[in-house]
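Thanks for coming, everyone. Please look at the sequence and the structure on the screen, and I will walk you through them.

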Amino acid sequence: MAQRRPAARRIPASRSATSADWAFHAADDAVLAALVSGRHAQSLREYFGAPAYAELSLLAAEAQRAKKQRGPRVLILPGIMGSKIGGPLGSGRAAMSTGSTAARRSARSEVLWVDPLQIAAGRLTALKLPSGRSLRAVGVLLFSYARLKLQLQIGGRDVRFHSYDWRLGLDELGAQLAARITAEEQPVILVAHSMGGLVARMALRQLPKRWVRKLIMLGTPNHGSFASVQALRGTYPFVRKMSRLDRRHSPEYLTAKVFTTFPGLYHMLPTSRRPKGLNLFEPRHWPADGPTPSGLLLQQAATVRANLAPPDSRMLQILGVNQETVIGVRRTAAGFEYSMARSGDGTVPLALARLPRLKSYFVEEMHGNLANNHLVIRAVVDLVCRGRTRHLLQRAPTRRGSVRRIDDAELRREAGAKIDWGKLTSAQREAVLGELDSTRLIIRE
């Protein structure tokens, strides 16, 4: 997710627990407006971290003054888990994630993902599908994507977020994006992080070429990611760290009862670089111990991925490199064993991200930080406004290193003790969020 936040000043836990709630539930437009007005300053300092809050306040004010130039609208698509999931405050019903009215954009929402207080109360179980279909995407995680949006606005572009319900399948999400672009009847440039690039490619298959002028993909797992394998096994480091906030449920329970019901996770399973004899879309090839994936969702996943738009001249990619990444998996008597090397962005192996024949740029950065990296943002602004950039390398730098192996059992031992969010000080909460944000994600995956 976003970069690790430095610790903020300490304030009493009882006071800060209430004040922090506003930033988690406020609409994106309201948060960006508050950065300019100075309202809810304490909440925003805790949410973004004090240094980032100071920087974003200046950027938001500059973006507000910027004059819009002619050019296609820019839509920013977050990665998996990078959209907030919830519904209108107090109603238990969900707002639409796209095409919302000004009134809906300004309203506060009851956010389940990702509000630590809701997680602490055990409410992640409400995300389970199909029973949780009434919930919708209600915004993005701004500590990961605000800087990118504001810098593009300062560059003179009309920029909007396209949040989406990352629990759903790529086929459904692609159709939603295509419908939004068609309804708004104007060409767009898409800047898509991680899973967002797959959603965009699915939409491109359904749209006339004139409607999408350019697709800039940041760390998109075009051939899948082994992080999805770990997520469905309950051993993905982010899932295990996030589950520490849930004082009622174990990571194994959350995976088995909640995360294994999300088609979106299945649609990002690796489609290449699998060992001979291991078919991840075949249920019997998965270990029987611990959480196991749905046979029906596995069967559907391979079919859906075949409908992604093929590479074309409108697409380009920015890829993270030289971070220790899971590059392979094999079955052992104890379950799955993963091989790791400095051959990707920490979540997506370079070989599974890269599409042939596309213009590619490279940066030494973690997957979750790609949309928040200053060099990447400068490059994206250049590519949107001028069609070229010199801020990033055009040849992947390589570092030699050894391959190490880790298995499910070892990953399960890394969970750590439960965290009582309500009793943490402001600085402690900020440290917990910073650790989660810098975790190696698909996200936000």
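How many bridges pair E1 and E6, and in which sense? They pair in the parallel sense, over five bridges.

Some ground rules before we go on. This is a predicted model, where local features need pLDDT of at least 70 and side-chain atom pairs count only at pLDDT 80 or more, while totals for chains, interfaces and linings use all residues. Residues are numbered from 1 along each chain as its sequence is written, and side-chain values use heavy atoms, with hydrogens and water left out.

Now the labels. Helices (H or I, at least four residues) and strands (E, at least two) are DSSP runs, numbered from the N terminus. Two strands pair if DSSP finds at least two bridges between them.

Let's stay with E1, residues 73–77. On E6, isoleucine 76 has valine 191 as its bridge partner. E1 also runs parallel to E5, joined by three bridges. There, isoleucine 76 stands opposite phenylalanine 161.

Is E1 buried or exposed? Buried means under 20% relative accessible area, exposed means over 50%, and partly exposed is in between, with a 1.4 Å probe and protein chains only. Five of the five residues in E1 are buried. Arg73, Leu75 and Leu77 point one way, and Val74 and Ile76 point the other way.

Step back to the whole sheet. It is open, has six strands and parallel pairing, and the order is E5-E1-E6-E7-E8-E11. E5 (159–161) and E11 (359–363) stand at the edges with a single partner strand each, so one side of each has no neighbour in the sheet. From one strand to the next, the twist averages 20°. For angles, axes are lines fitted to C-alpha atoms, for helices over the stretch in contact, and values run from 0 to 180 degrees between N-to-C directions.

Further along, E7 (residues 212–218) pairs with E8 (residues 315–320) in the parallel sense, over four bridges. Leucine 215 has methionine 315 in E8 as its bridge partner.

Next, the helices on this sheet. Contact here means heavy atoms within 4.5 Å. H9 (residues 170–184) lies across E1, E5, E6 and E7, and runs at about 165° to E1. H17 (residues 374–385) lies across E1, E6, E7, E8 and E11, and runs at about 165° to E7.

H17 also meets H8, residues 142–154: their axes come within 10 Å and cross at roughly 40°. On the H8 side, the contact is made by Arg147, Leu148, Gln151 and Leu152. On the H17 side, it is His374, Ile377, Val380, Val381 and Val384.

Keep an eye on valine 380. Leaving out residues up to four places away in sequence, it touches Leu148, Leu152, Val191, Ile216, Leu218 and Ile318. What is the size of the largest nonpolar core, in residues? It has 134 residues, and those with the most contacts inside it are Phe48, Trp113, Leu190, Ile318 and Val380. A nonpolar core is a set of buried Ala, Val, Leu, Ile, Met, Phe, Trp, Tyr and Cys residues joined through side-chain atoms within 4.5 Å. In soluble globular proteins, nonpolar side chains tend to be buried together.

There is another sheet. Three strands form it, open and antiparallel, in the order E9-E10-E12. Its edge strands are E9 (323–332) and E12 (404–407), each pairing on one side only. Neighbouring strands are turned by 30° against each other on average, direction ignored. E10 (residues 335–344) and E12 are joined by four bridges. Methionine 340 has arginine 404 in E12 as its bridge partner.

Arginine 357 lies in the loop between H16 (350–353) and E11. Is arginine 357 buried or exposed? It is exposed, with a relative accessible area of 76%. Arginine 357 and leucine 316 are 41 residues apart in sequence, and 9.3 Å apart in space, C-alpha to C-alpha.

Glutamate 430 is found in H19, residues 426–437. It counts as buried, at 0% relative accessibility. Glutamate 430 and phenylalanine 48 are 382 residues apart in sequence, yet 8.3 Å apart in space, C-alpha to C-alpha.
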